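I opened this model to look up a few places in it. My notes follow in the order I took them.

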Amino acid sequence: MTTQPQRALPDWFPAWMRWVAWVPPLIIAVAFAGDFVIPGGYWSSTPLLVAAAPIAAAVSSLRVTVLTAVAAAAAGAGDVYERFQLHRRHFDGVLTAVVIAGLVAVASALVRHRRELALAAVRDVAAAAQRAVLPRPSASVGPFTVAVRYEAADDAAEIGGDLYAVQDTRWGVRFLVGDVRGKGMGAVGAVALLLGAFREAADTAPDLAALVRSLEHSLRREGERRGGDRSIDAVEGFTTALVGETSPDGALLRFAMLGHPPPLLLDRSGHARWLADWEGDLPLSTNLDAPPPRIHRVELPSEALLLLVTDGVTEARNAAGEFYDPVARLAGRRFRTPRQLVDWVAEDVHRHTVGRRGDDMAMLAMRCPAP
């Protein structure tokens, strides 16, 4: 089934100018009103009507553009007829301009409509690929309730280089949040590689350090397969990762920061804090001979919310160049579910940046079990 474009207005159109869609019907309404109200041929709406259909072609759907062109031509014909009756002169040149403008507008709207259909089909394919590579986890994983949110930097692509995974194992719930250096389909291979390596190692690695080593070895093997280059660029440049696990009862958290932002904890009173400083270990594959990463251990309060984000959240800037600060923005707020948390943070990032994000954004939220 052919995918229909979801919005009449193009994606690039500023939200604060959505009122422009009402200009074409307003022009036609003024034209009709002027023809009836202003007597004696002192008013001509035809030159005004030339602009109606082209404006509709830029901001409205194909159907609305066709209706606008027809209505403008009808209003122009009525105006020409009235002036001809009064002055017995021909005004068909002005009416021709209205008709030509309408035809050009309809042709332009048709071209845009077809491009939107093609873009919608590409976005569907990208979204399907994203769901296949990065499936949404279950709402309940071990003793935790879980929610995720993912947004690519390119809204038209709906696919990017951030990733997340969460898995229940005999050692507890293990998770991975990471960021691949790169965008679009070029980053999908690296995302798939890391997720596959994590899902396998999460069930076999006896501890968190072994899990990180397994991810490193997977990247090394892939680098050797691609020609002996063991650098990160050989596998699309995987840069940062936050790898962690909880105890089986969900009371203790252990995590390693590999060039990635630390977890954020929001307790029941609305107090938000980072669970570690930002001086983590080197990113994956940047130094294969590096010592094992430092393992942080934190006790988790009951019913607290754990938020794991990529730098698309923490490095989002507003017009003044100020970074988004999740701790300051979340202070004093309470959320009943992880879904409410990730949705609120995503919308708040959009408010902070006014839609001008330059990086992918991924979030994984987990609600700690009750005592």
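I began at the surface, where Leu-26, Val-30 and Leu-48 form a nonpolar patch with about 240 Å² of accessible area together. Patches are made of residues with over 30% relative accessible area and no salt bridge, with like charges joined within 9 Å and nonpolar side chains (Val, Leu, Ile, Met, Phe, Trp, Tyr) within 5 Å. A salt bridge is a side-chain nitrogen of Lys or Arg within 4 Å of a carboxyl oxygen of Asp or Glu. Areas come from the Shrake-Rupley method with a 1.4 Å probe.

The model is predicted: local features need pLDDT of at least 70, side-chain atom pairs count only at pLDDT 80 or more, and totals for chains, interfaces and linings use all residues. Residues are numbered from 1 along each chain as its sequence is written, and side-chain values use heavy atoms, without hydrogens and water.

I placed Leu-48 in helix α2 (residues 46–49); helices are DSSP runs of H or I with at least four residues, strands runs of E with at least two, numbered from the N terminus. Leu-48 is partly exposed at 36% relative accessible area (buried is under 20%, exposed over 50%, partly exposed in between).

Next I checked Asp-311, in helix α8 (residues 311–314). Asp-311 is buried, at 15%. Beyond its neighbours within four places in sequence, Asp-311 contacts Asp-179, Pro-261, Ala-316 and Asp-359 (heavy atoms within 4.5 Å).

Last, I looked at strand β6 (residues 252–258), where 6 of 7 residues are buried. β6 pairs with strand β9 (residues 296–299) in the antiparallel sense over 4 bridges; pairing takes at least two DSSP bridges. I found Val-298 in β9 as the bridge partner of Leu-253.

Conventions: Buried means under 20% relative accessible area, exposed over 50%, partly exposed in between (1.4 Å probe, protein chains only).
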